[in-house]
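Reader: I have a protein model open beside its sequence, and I would like to learn how to read it. Could you take me through some of its features step by step?

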Amino acid sequence: MTYNLTSLDLPKLNGRTLRLFSAALDNGALRGAMLGQLLKQGGVTNLREWEFEDAPTFFPLALEEAGAWRDVPPVDWAALQAQIAGRTNREPFAAISDYARAYRDGATTPEAVSEAVLAAIADADDDPRPLRAFRATDRADLAEQARASAERHRAGRPLSLLDGVPVAVKDEVDQTPYGTTVGTSFLGQTPAATDATIVARLRAAGALLIGKTNMHEIGINPDGFNEHYGIIRNPYSLTCHAGGSSNGSAAAVAAGFCPVAIGADGGGSIRIPAALTGMVGLKATFGRVSEHGAAPLTWTMGHLGPIGATVADVALVYACIAGPDARDPNSLHQPPVSFQQWDQTDLHGLTLGIYRPWFEHADPEIVADCDEMVKRLAEMGAVVREVEIPELDEMRVAQAVTILAEMASNMDAHAAHWPELSPSTRVNLTLGKATTAFDYLQAQRVRTRALGHFRRAFKTVDVILTPATAVTAPTVPDNCERDGWSDLSAVTELMRFAMPGNLTGLPAIAFPVGYDRRGLPIGMQAMGRAWEEHVLLRLAYAAEHVAPRRRPPVFYDILDSVTRPKAAGRQHLEPA
């Protein structure tokens with residue numbers, strides 16, 4: 001079998017050049033000639049020539065696989081909390097259990113934590129290169145949440161282990177009292193009427209919802225640019241961006257503002273920023289987490305999920321937000337949420353699959369650290385086996401066609417605001433509009449084939465391992481604050497390992513395994529069978545016990561700042 005993914009060498013467009021290119025593409029007289037070349041470069045012309053006999057699959061619902069898990073006992077929420085509550089983390093990142101213990105011991109209060117978080121966010125943005133992890137916070141709303149949580153703790157009746165723990169939410173998901181801008185200048189002009197389902201579940205658990213995180217405009221690119229609310233930079237180096245599009249959520253966790261945040265993933269947008277910021281990011285099986293209350297961007301690719309500093313934090317929030325929701329029909333077909341052996345470091349009985357040409361299609365430093373982690377996992381008892389995944393380039397094109405066509409269709413309702421969108425967003429939406437019904441159907445036929453390829457691979461292995469990204473965090477180009485940049489070669493490198501998870505709906509997790517020579521995080525990805533998120537958590541949990549972890553240069557230890565006031569402020573300074 002021939003491995004057919006290739007690295008692309010496409011022109012980079014920055015600043016004014018990008019704006020002129022976007023304007024030319026908006027010009028009807030020039031658009032036709034330009035689109036032909038762009039569609040060819042993106043592989044769409046090849047998609048039109050491929051011959052398939054397969055019927056299209058529009059929603060990857062994994063109904064057959066769900067049946068096999070119907071009799072599994074559902075997660076015991078109280079037992080899981082008790083299991084996690086006794087853990088002590090603190091170094092290098094404070095965990096949910098650390099906050100819960102501090103409240104229980106009377107060392108601090110949710111009110112003090114809420115003020116410290118707001119001060120830290122303001123400090124991080126008061127810099128020549130501001131972090132811009134958040135689009136909005138609301139001091140009055142946060143104070144009221146903190147007051148209610150503090151009263152529950154004083155009465156000895158916290159709602160859950162999450163009560164009073166700071167949690168951030170991507171600005172793609174409804175949360176009162178905020179509007180949902182989805183990174184634009186024109187959406188979300190009025191507050192959301194109700195919380196999204198996952199936000200409501202977090203609120204019911206007592207989570208301290210600290211604000212809406214910044215993101216790439218409509219989540220259409222995995223980079224840190226947003227011309228309306230600022231470039232989201234990486235706490236490990238403010239010269240680099242934090243990936244995307246859940247970059248604000250990942251940056252918020254990495255900088256210490258909160259131990260966990262909510263992201264959304266249509267093409268790697270949880271896993272990519274988690275990897276670039278050294279965090280853990282889980283994209284569950286399609287339909288496992290309700291999408292009700294998320295902005296309508298992509299019907300068949302979208303997933304909501306947690307980004308956290310530790311695997312236990314990701315597991316706890318996943319348990320809180322997962323499960324059926326009558327307002328999201330795609331969530332009603334799932335089996336019970338399982339946590340079998342999720343925190344076991346003994347990996348005997350687990351078989352890890354590696355498609356070697358795909359695994360090695362990344363920077364040498366990344367491949368080396370991921371190979372080292374594979375060895376460590378094997379030492380814990382896992383068996384490693386070679387697998388083959390055909391037609392990865394076809395999957396790349398199918399994922400791009402599907403998500404761009406769906407986003408273009410959804411954004412067409414806001415056509416009057418076209419001039420207010422940033423140049424790179426307009427370029428991508430124009431490509432989406434240029435795809436045809438035939439292109440979309442071809443992409444769904446590729447989806448059918450992709451599901452078959454992974455189903456065959458998972459007959460012999462439990463997990464498929466790859467790097468999370470092919471490069472570490474890219475540098476923010478100079479003089480691009482207003483107009484942004486377009487680097488499709490870098491986008492391909494960032495998305496190389498992520499896109500099959502969205503096309504197939506299979507669960508995947510990104511977790512840290514090391515750092516490159518510049519000190520930037522390196523992440524690994526594990527993909528699993530449908531509904532087997534517990535297996536991915538188990539693997540990431542084992543990796544966490546042997547992976548090096550260090551705080552980024554831009555970091556705020558919130559708990560230290562409220563229990564030891566002299567520790568307030570930024571804990572590490574960005575090197576000159």
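Author: We shall look at a sheet, then at some helices and a hairpin. This is a predicted model, in which local features need pLDDT of at least 70 and side-chain atom pairs count only at pLDDT 80 or more, while totals for chains, interfaces and linings use all residues. Residues are numbered from 1 along each chain as its sequence is written, and side-chain values use heavy atoms, with hydrogens and water left out.

Reader: In what order do the strands of the open sheet lie?

Author: Strands of a sheet pair through backbone hydrogen bonds, either parallel or antiparallel. Helices (H or I, at least four residues) and strands (E, at least two) are DSSP runs numbered from the N terminus, and two strands pair if DSSP finds at least two bridges between them. Here the open sheet has eleven strands with mixed pairing, in the order β2-β4-β3-β7-β9-β8-β14-β15-β12-β10-β11. Its edge strands, β2 (134–136) and β11 (383–386), each pair on one side only. Within the sheet, β3 (residues 166–170) and β7 (residues 260–264) pair in the parallel sense over three bridges, and Val169 stands opposite Ile262 in β7.

Reader: Which strands does helix α20 touch?

Author: Contact means heavy atoms within 4.5 Å. Helix α20 (residues 533–544) packs on the sheet and touches β8 (280–283), β10, β12, β14 and β15. Angles run from 0 to 180 degrees between N-to-C directions, with axes as lines fitted to C-alpha atoms, for helices over the stretch in contact; the direction of α20 makes about 10° with that of β14.

Reader: How many residues of α16 are buried?

Author: A residue is buried under 20% relative accessible area, exposed over 50% and partly exposed in between (1.4 Å probe, protein chains only). Eleven of the twelve residues of α16 are buried, so this helix is largely enclosed by the rest of the structure. Among the elements covering its buried residues are α1 (15–26), α2 (28–41) and α17 (437–457).

Reader: Is Asp313 buried or exposed?

Author: Asp313, which is found in helix α12 (residues 311–321), counts as buried because its relative accessibility is 1%. Leaving aside neighbours within four places in sequence, its contacts include Ala94, Ile96 and Pro259.

Reader: What joins β5 to β6?

Author: A hairpin joins them through two residues, and β5 (residues 233–234) pairs with β6 in the antiparallel sense over two bridges. Asn234 stands opposite Ser237 in β6, and four of the five residues of β6 (residues 237–241) are buried.
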